[in-house]
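Let's take a look at the charged pairs in this one. Have the sequence and the model open side by side as you read.

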Amino acid sequence: MPFLIMEVMKFYGYKWNEIMDTPLKLFWVLLGNKYRLEAQENLRMVQVLSFPNISEEGRKEFMQKQTERMGIIQISEERDTEGLNKLRNM
């Protein structure tokens, strides 16, 4: 168990007293999300490392997906109520 506590502390930047004040159920959710995020990054690295062995179409598809994920950042004074509602419904 101490190793799991240290994993969560390192990943999220929590201090000992913060992690000890965290409800147990939230702790397990944080740990599970840490593993999911690491797995996602590992899969992305596998794709990047195997890039030379992928077909031209596969490369284009990968680049298109990454570009879509990156998105376009827009700065506006206008409040994005639609975007805020989407976040609230997640």
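## Getting started

Keep in mind that this is a predicted model. How many salt bridges does the structure hold? The count comes to six. Side chains of opposite charge can pair when their charged atoms come close.

## Helix H4 and its end

Start with H4, which runs over residues 56–70 and so has 15 residues by its DSSP run. From first C-alpha to last, H4 reaches 21 Å, close to the 21 Å expected at 1.5 Å a residue. Just after H4 comes glycine 71, with a positive phi of about 65 degrees.

## Two pairs along H4

Glutamate 56 and arginine 59 form a salt bridge, with N to O at 3.0 Å. Why are these two about one helical turn apart? Because glutamate 56 and arginine 59 sit three residues apart in helix H4. An α-helix has 3.6 residues a turn, so residues three or four places apart point the same way. As for solvent, glutamate 56 is partly exposed at 46% relative accessibility, and arginine 59 is partly exposed too, at 24%.

## A pair on H5

Moving on to helix H5 (residues 81–89), you'll find glutamate 82 and lysine 86 four residues apart, about one turn of the helix. Their side chains meet in a salt bridge, at 3.8 Å from N to O; the cut-off for calling one is within 4 Å.

Which accessibility class do they fall in? Glutamate 82 is exposed, because its relative accessible area is 53% and exposed means over 50%. Lysine 86 also has a relative accessible area of 53%, so lysine 86 is exposed as well. Salt bridges also turn up as a network: ones that share partners join Glu7, Lys34 and Glu38.

How values were computed: Residues are numbered from 1 along each chain as its sequence is written. This is a predicted model: local features need pLDDT of at least 70, side-chain atom pairs count only at pLDDT 80 or more; totals for chains, interfaces and linings use all residues. Side-chain values use heavy atoms; hydrogens and water are left out. The expected span of a helix is 1.5 Å times one less than its number of residues. Buried means under 20% relative accessible area, exposed over 50%, partly exposed in between (1.4 Å probe, protein chains only).
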